[in-house]
Amino acid sequence: MSDTTAADALASGAAVLGIELGSTRIKACLVDPARGHEVIATGSHAWENQFTDRLWTYPLEDVWAGLQSAVAELLADAETRHGIRPTAVAALGVSAMMHGYLAFDVDGELLVPFRTWRNTNTEAAAHELTELLDYNVPLRWSIAHYAQAVRDAEPHVVDVAFLTTLSGYVHWRLTGEKVLGVGDASGVFPIDPTTGTYDAERLARLDAHLAERWPGAPAPSTLLPTVLSAGDPAGTLTAEGAALLDPTGTLAPGTPVCPPEGDAGTGMVATNAVTPRTGNVSVGTSIFAMIVLERELSRVHHEIDMVTTPSGDLVAMVHCNNGASELGEWAGVFGELAAALGHVATPDDVFGALLRAALDGEPDGGGLLAYNYLSGEPITGTTEGRPLIVRTPDSRLTLANLMRAQVYGVFGTLSLGMEILAGEGVEVDRLLAHGGVFRTAGVAQRFLAAAVGTPVAVAATASEGGAWGIAILADYLLARRADPGVALPVFLDERVFAGADDVVVDPGPDDVAGYARYLTAYRAGLEVERAAGATL
């Protein structure tokens, strides 16, 4: 490790910048490659999706206001901590929540409000495409959104000239380049692992199908961004892009920018899970597991997405729409109770106390069930979400059991998807977990290990997540310039994670047995969840 200071990296423009637009927070971090890729400054901005006209969306004005707020906080943090307000960085990258639908006309004007991954109105199109392409096309994929708009004869369809994701949109505005990293692109349309771009035969099949069924709809092959692999040049920050990030003019243009990626790909990088038999679990508003495969699955499973690493290797993705948000709501309620009793506590303190209480719960949650479904959940066939606590008269309602059931509920749907991969013979040596829920040591990590029956590791960078991951990919862009032959796994092993101290937790027998009992009841209780969605 270099003996230079963080101030040196900031003053010389040697730091790399990573930005991620998550579902509840926009994060920016500056990383010093010479100091073990240490995070030397951060900034963030909270935002929330809006449910407008029965669709989940974020106004694009909020995208730029949030980015500018996060970057301003980042620059101020660098100055406060190190005495330097950086004017340049060595490279930067943008990551964002995957999937969704951003459609533009030939003048670059947005045609309809951004439709996020959270929407489940695309069921008919997703089923049709899955059958047509013989490939699982989930409801949230960009191509499903487009095909549903075509099916519904939405007036804007005839004017669509370009489709992209949120990361692709931000990258386009910053650089002028209409590109996507292959990991994010694999949530737009199926990728051919042998070519590293969209599956040409399937894309031609879809073009022909839409031309026959809905004449006048633009061919998808003419609308999609160019696909790039990790380390490929993806443009430079323009003067207009620099002004969008930092209206004060502090940041200079000309910075090289790596291919934009989705949060799944940056999560794989942030946990060094990009080689076969490795995987990661990301927990936020949604929760998903990414397992790098040794071979293709034997058949199509609607519960399993086939995506790729940022280098284009095949990945099985178990994606659940609902993650830790409901757990956060309960933490908010208990925080209000503490304040009402005269004990004001920070949200992190409340959250940590509740998670630690879960350790004292019974192994099966005392007969309590928790469904965290704020939105529909395709894996379990629920079209709308209704968060529920369900218990029988003889269940044991205690704080410890309630919180253990809530944490188990975060992992319930994920477990059902992981069972399918186990049935396919997919083996995982170790899962690496990241997300804010793992900041409280030894709780969510322990329960996740029981839920998936696999050792779970958490690294020191776990809570930094995708912003740190895309910063690493930005640095990989520079490494590839110096050494075009260096592969991403080698770069991560030798230059990023060498000597990293991961904390590994093995599944505990009592937790495994208790969670199995919980999951049996959880599976049966899904009928209650579906009934709630239909009647409430």
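Methionine 317 counts as buried because its relative accessibility is 1%, where buried means under 20% relative accessible area, exposed over 50% and partly exposed in between, with a 1.4 Å probe and protein chains only. The structure is a predicted model, in which local features need pLDDT of at least 70 and side-chain atom pairs count only at pLDDT 80 or more, while totals for chains, interfaces and linings use all residues. Residues are numbered from 1 along each chain as its sequence is written, and side-chain values use heavy atoms, with hydrogens and water left out.

Methionine 317 lies in strand β17; strands (E, at least two residues) and helices (H or I, at least four) are DSSP runs numbered from the N terminus. With neighbours within four places in sequence left aside, the contacts of methionine 317 are His99, Arg140, Ala264, Phe288, Ala289, Met290, Glu303, Ile304, Asp305 and Val307, contact being defined as heavy atoms within 4.5 Å.

Strand β17 belongs to an open sheet of 7 strands with mixed pairing, in the order β16-β17-β15-β14-β20-β21-β22; two strands pair if DSSP finds at least two bridges between them. Strands β16 (305-308) and β22 (503-505) each have a single partner strand and stand at the edges, so one side of each is left without a neighbour in the sheet. On average, neighbouring strands of this sheet are turned by 30 degrees against each other, direction ignored. Between β16 and β17 (residues 314-320), 4 bridges are formed in the antiparallel sense, and threonine 308 has leucine 314 of β17 as its bridge partner. Helix α9 (residues 263-270) packs on the sheet and touches β14 (278-283), β15 (287-292), β16, β17 and β20 (430-434); its direction makes about 65 degrees with that of β15. Axes are lines fitted to C-alpha atoms, for helices over the stretch in contact, and angles run from 0 to 180 degrees between N-to-C directions. Helix α13 lies across β14, β20, β21 (456-458) and β22, at about 155 degrees to β21.

Helix α13 (residues 444-452) also meets helix α16 (residues 509-535): their axes come within 8 Å and cross at roughly 65 degrees. The contact involves Arg446, Ala450 and Ala451 of α13 together with Asp511, Val512 and Tyr515 of α16.

A further open sheet has 5 strands in the order β3-β2-β1-β6-β13, again with mixed pairing. Its edges are formed by β3 (38-46) and β13 (261-262), each with a single partner strand, so one side of each is left without a neighbour in the sheet. Strands β1 (residues 16-21) and β2 (residues 25-32) run antiparallel and are joined by 6 bridges; isoleucine 19 has alanine 28 in β2 as its bridge partner. Helix α5 (residues 166-175) packs on this sheet, touching β1, β6 (91-96) and β13, with its direction at about 145 degrees to that of β6. Helix α14 (residues 466-482) likewise packs on the sheet, touching β1, β2, β3, β6 and β13, and its direction makes about 140 degrees with that of β1.

The chain contains 16 helices and 22 strands in total. Buried residues account for 59% of the 536 residues in the chain.
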